[in-house]
Amino acid sequence: MALQKRLEELAHLVNGRLIGRGDTVISGVATIEEAAPGAITFLSDQRHLKLLASCRASAIVIGEWGEGVAPEGGKDYIAVKNPQLAFAALIELFRPASMPAPGVHPKSEVHPRAELGEGVSVGAFAVVEEGARIGPRAILFPNVYVGRNASVGEGSVLYPGVAVREDCVVGSRVIIHCNAVVGSDGFGYAREGRAYHKIPQRGIVRIEDDCEIGACATIDRATLGETVIASGTKIDNLVQIAHNVKVGRDSVIAAQTGIAGSARIGSGVQFGGQVGVVGHIEVGDGVMIGAKSGVTNSVPDGAVVSGIPAIAHKEWLRAAAIFGKLPELKKRISELKKRISELEKRVEELEGNGKR
Amino acid sequence: MALQKRLEELAHLVNGRLIGRGDTVISGVATIEEAAPGAITFLSDQRHLKLLASCRASAIVIGEWGEGVAPEGGKDYIAVKNPQLAFAALIELFRPASMPAPGVHPKSEVHPRAELGEGVSVGAFAVVEEGARIGPRAILFPNVYVGRNASVGEGSVLYPGVAVREDCVVGSRVIIHCNAVVGSDGFGYAREGRAYHKIPQRGIVRIEDDCEIGACATIDRATLGETVIASGTKIDNLVQIAHNVKVGRDSVIAAQTGIAGSARIGSGVQFGGQVGVVGHIEVGDGVMIGAKSGVTNSVPDGAVVSGIPAIAHKEWLRAAAIFGKLPELKKRISELKKRISELEKRVEELEGNGKR
Amino acid sequence: MALQKRLEELAHLVNGRLIGRGDTVISGVATIEEAAPGAITFLSDQRHLKLLASCRASAIVIGEWGEGVAPEGGKDYIAVKNPQLAFAALIELFRPASMPAPGVHPKSEVHPRAELGEGVSVGAFAVVEEGARIGPRAILFPNVYVGRNASVGEGSVLYPGVAVREDCVVGSRVIIHCNAVVGSDGFGYAREGRAYHKIPQRGIVRIEDDCEIGACATIDRATLGETVIASGTKIDNLVQIAHNVKVGRDSVIAAQTGIAGSARIGSGVQFGGQVGVVGHIEVGDGVMIGAKSGVTNSVPDGAVVSGIPAIAHKEWLRAAAIFGKLPELKKRISELKKRISELEKRVEELEGNGKR
């Protein structure tokens with residue numbers, strides 16, 4: 001049977017203010033569109049207040065902006081500072097993840113000189129190579145690979161198919177999604193005539209605590225030294241991080257973005273999807289980059305940029321709005337030219353008349 | 001020895017009209033460039049008729065547009081409504097796939113409370129977790145992962161390294177290529193100060209019947225509810241589908257495209273490669289999106305759009321053709337300005353003269 | 001204990017000219033920023049000479065341009081023709097890769113009718129299917145999949161999670177990084193009404209000798225015939241190569257690039273990251289394509305192109321520099337128009353005066 005909670009308990013849990021009946025019974029979480037009676041949902045923003053009219057949820061988590069909302073039509077409210085954060089806690093409560101139990105699966109392959117912390121889970125066909133260290137309560141799903149002397153910190157979760165190559169360091173409470181790759185060789189060659197000779201890639205990747213790495217993301221090891229993803233940074237699916245890149249703390253990088261070799265990315269940045277950043281540049285703290293942008297020069301702290309090549313976002317918006325009108329602009333120029341030629345003739349004639 | 005068929009048998013098989021000798025013996029399929037005597041090939045389009053001159057195939061599948069073609073030089077024809085479709089059937093005939101035999105490999109790991117349908121094939125090191133259901137005749141290649149309570153429909157094929165995470169639903173006759181990921185967590189966080197807190201992703205992915213998912217494609221599970229790929233839709237390699245996206249029926253999405261969270265994509269759409277679609281918008285039925293476009297606003301049914309941001313394709317073509325001439329346009333404007341200044345001086349002089 | 005070498009030995013090894021003390025003892029390699037005393041580093045380019053001031057390395061590999069450099073502050077030099085290449089050899093010397101030992105892991109699955117060359121290494125949970133051939137000293141890391149009748153050449157390395165599907169051919173000394181896919185089905189369908197019917201993909205992928213394929217890269221098998229990556233070509237992470245593409249020798253393709261079906265790419269090309277190439281076109285030898293470009297037409301040998309659609313790189317640079325100034329250009333046009341209208345009025349008046 002599903003978990004049931006009284007609304008006042010939930011308000012207490014999320015440190016919110018109850019608006020309405022505390023004894024309303026809640027048995028699940030749902031989106032505002034899909035919620036049925038008995039469910040609690042949330043409203044992230046005042047602008048969506050009109051969605052409440054058709055919402056069938058029994059209770060709604062709202063922001064402090066909503067404190068004046070009157071309970072009506074059988075709906076009750078919990079007002080909190082951060083509705084998204086509160087709702088995250090409620091999802092966790094009503095729909096806890098079901099994770100693999102601790103223990104080493106008999107069909108896994110853990111090297112006798114690997115170290116496993118207390119409560120580690122190693123799934124079927126997972127491999128932990130010699131000298132690797134897996135922290136307490138970390139979870140390696142089936143088919144995960146942890147290379148020689150690599151380490152995975154406490155409570156981290158590696159989903160099926162993840163590969164962490166030799167010597168790489170994954171911090172604590174890191175989540176790495178299916179088939180992501182940590183520590184593949186950087187793309188480095190020395191050219192000699194027509195041939196490209198591989199430059200050995202012997203550095204590592206270091207992923208600090210509380211990071212999340214998306215499915216099929218690839219993070220290359222440094223040539224020498226480290227490729228670093230600093231703590232709290234979230235990387236989406238299919239992102240490419242090249243060798244020797246440093247990404248700062250609490251940054252967010254959306255799907256299919258690529259960052260070329262040795263770029264230094266600040267903390268608190270927000271990258272849209274499919275962004276490209278060229279190598280060896282610096283992107284400052286708090287920078288925001290619009291989706292699909294191509295960043296070719298260093299970007300100062302706090303800048304907001306877009307476009308290929310990236311320019312100030314506001315300028316880009318204005319320019320992009322005109323782009324589609326280029327044919328019209330061109331036509332307008334031709335018309336002006338015609339009017340000028342006409343004027344020149346007329347003026348010439350006037351000048352001729354004056355001379356007479 | 002290779003399969004041999006008389007041309008009249010093949011004409012019958014593909015429901016086509018024989019033009020030439022029915023007793024021509026065909027023993028294989030090939031492209032028009034590589035075909036040798038004994039092979040049958042196809043011509044998709046009247047415009048390529050000139051390729052026949054150098055073609056060495058014994059027979060050619062053509063469209064009904066080709067019914068007037070005269071057999072010559074030892075070549076015979078089968079005229080059909082849809083040459084590509086007919087040729088697909090001939091490839092299947094002459095070069096049938098060799099798929100793994102039914103049976104559960106002793107080195108796989110199938111949970112005792114998983115359900116396997118009749119004739120299922122489970123390869124070495126494949127994992128089927130508790131409560132998962134695999135439909136009749138489905139094929140799980142080696143190293144495939146099917147999570148807890150996930151299901152895979154009848155006759156579906158999961159190639160090596162595919163991961164279908166817990167609770168996700170894969171329909172019948174679905175093909176998922178190597179290392180694709182179904183059901184990875186959506187990229188959702190609640191911000192609190194500088195820190196991003198994970199919003200648990202507890203919805204699922206539902207892939208309906210007859211879909212195909214490319215290698216290393218990633219389809220994220222919904223936060224709550226479902227991410228849906230509707231029946232008949234084909235998704236190419238390295239495509240990213242974010243949480244809560246709905247893609248309609250019989251749509252085609254080319255490689256490396258990314259669709260952001262909660263976007264709703266219609267049926268019968270055709271997306272080029274490397275397209276990006278922002279979150280929470282609607283792309284209508286039958287929409288075509290040019291490769292590399294960035295779609296930032298909802299698109300009505302049947303529209304054809306391109307560019308970053310995407311605009312009507314025809315407008316984009318015209319604008320893009322002018323883009324490279326911007327320096328020239330700029331120069332032209334400067335020249336006009338000069339001529340205007342000159343004119344202004346002359347007119348001023350004329351006006352001065354008039355006053356005298 | 002770390003390897004130690006005298007500088008004159010290293011100069012001999014890389015075929016360079018010693019500038020300074022031959023008996024300086026070197027015990028490691030490092031980047032110019034991270035080098036400590038005892039380390040050797042390198043300087044790829046004369047322009048970075050100023051970095052030497054703060055460099056703590058004991059020795060530096062420099063180019064022949066640096067022969068005039070005077071040893072000072074305890075630093076010695078080796079001058080070579082190609083510093084990058086020389087340094088690659090030194091990395092290999094001081095930090096050799098630690099690769100899996102030869103032998104077939106008892107927890108792997110090698111079909112009795114597969115052929116393994118001398119000194120092959122097959123890791124845990126790796127699968128080699130019936131009829132597959134693995135050349136001498138090739139290394140299959142754990143969780144690798146080699147399909148039926150596929151082959152892998154001498155000394156090649158397949159990292160964890162790589163899948164090489166049936167019949168595909170991988171040459172000698174090829175390196176394939178984690179979770180890359182060789183031989184997934186091409187994206188080909190015959191449309192019939194609204195439905196897309198799969199065209200069986202029965203060709204292969206052929207990767208010639210000395211290639212390198214990045215993590216999570218996907219190379220689709222040909223419909224019929226071959227998708228070819230010619231010898232010496234290096235492909236970065238997350239690159240998509242569609243069916244029937246041919247890529248020439250000694251080419252370099254950066255991350256997240258996609259090449260559509262049947263395109264023919266020359267030898268010695270250099271593609272930036274996130275490039276897109278449409279199908280059925282030809283890109284000539286030695287072509288360079290700027291990052292994020294979309295190539296929609298064939299490109300002649302030696303051309304340098306950029307942009308969407310791609311145009312000559314120099315033209316693109318000039319046009320892109322103006323793009324952000326479009327609002328200004330538009331404003332300027334409006335001003336000119338105003339001035340022309342004003343002039344027209346004044347000229348009309350002058351003409352009227354003349355008539356009086």
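How much area is buried between chain A and chain B, and what share of that area do carbon and sulfur atoms give? The buried area comes to about 5,600 Å², with 65% of that area from carbon and sulfur atoms. Buried area here is the accessible area (1.4 Å probe) that two parts lose on being put together, summed over both.

A word on the ground rules. This is a predicted model, where local features need pLDDT of at least 70 and side-chain atom pairs count only at pLDDT 80 or more, while totals for chains, interfaces and linings use all residues. Residues are numbered from 1 along each chain as its sequence is written, chains are lettered from A and ligands numbered from 1 in the order in which they are written, and side-chain values use heavy atoms, with hydrogens and water left out.

**The two interfaces**

Contact means heavy atoms within 4.5 Å. A salt bridge needs a side-chain nitrogen of Lys or Arg within 4 Å of a carboxyl oxygen of Asp or Glu. A polar contact is a pair of N or O atoms within 3.5 Å; within protein, one must be able to donate a hydrogen and the other to accept it, and residues adjacent in sequence count only if both atoms are side-chain atoms.

| Interface | Residues in contact | Salt bridges | Residue pairs in polar contact (both at pLDDT 80 or more) |
|---|---|---|---|
| chain A and chain B | 66 residues of chain A, 72 residues of chain B | five salt bridges | 25 residue pairs |
| chain C and chain A | 66 residues of chain C, 72 residues of chain A | five salt bridges | 26 residue pairs |

Between chain A and chain B, Arg339(B) forms a salt bridge with Glu344(A), with 2.8 Å between the closest N and O atoms. On the side of chain A that touches chain B, helix 2 (83–94), strand 28 (234–235), strand 31 (252–253), helix 3 (313–323) and helix 4 (326–355) of chain A each supply at least two residues. Helices (H or I, at least four residues) and strands (E, at least two) are DSSP runs, numbered from the N terminus. Helix 4 of chain A gives the most to that side, with 15 residues. By type, the residues there split into 37 nonpolar, 15 polar and 14 charged.

**A sheet in chain C**

Five strands of chain C make an open sheet with mixed pairing, in the order 2-7-6-5-4. Strand 2 (17–19) and strand 4 (28–29) of chain C sit at the edges with a single partner strand each, so one side of each has no neighbour in the sheet. Two strands pair if DSSP finds at least two bridges between them. Strand 5 (residues 39–42) and strand 6 (residues 59–63) of chain C pair in the parallel sense over three bridges, and Thr41(C) stands opposite Ile60(C) in strand 6. Helix 2 (residues 83–94) of chain C packs on the sheet, touching strand 4, strand 5, strand 6 and strand 7 (76–80).

**Parallel pairs in chain A**

Strand 19 (residues 169–170) and strand 24 (residues 204–207) of chain A run parallel, joined by two bridges. Val169(A) has Arg206(A) as its bridge partner in strand 24. Strand 24 of chain A also pairs with strand 27 (residues 226–229) of chain A, in the parallel sense over four bridges, and Arg206(A) stands opposite Val228(A) in strand 27.

Terms used
Axes are lines fitted to C-alpha atoms, for helices over the stretch in contact, and angles run from 0 to 180 degrees between N-to-C directions. Ala, Val, Leu, Ile, Met, Phe, Trp, Tyr, Cys and Pro count as nonpolar, Asp, Glu, Lys and Arg as charged, and the others, Gly among them, as polar.
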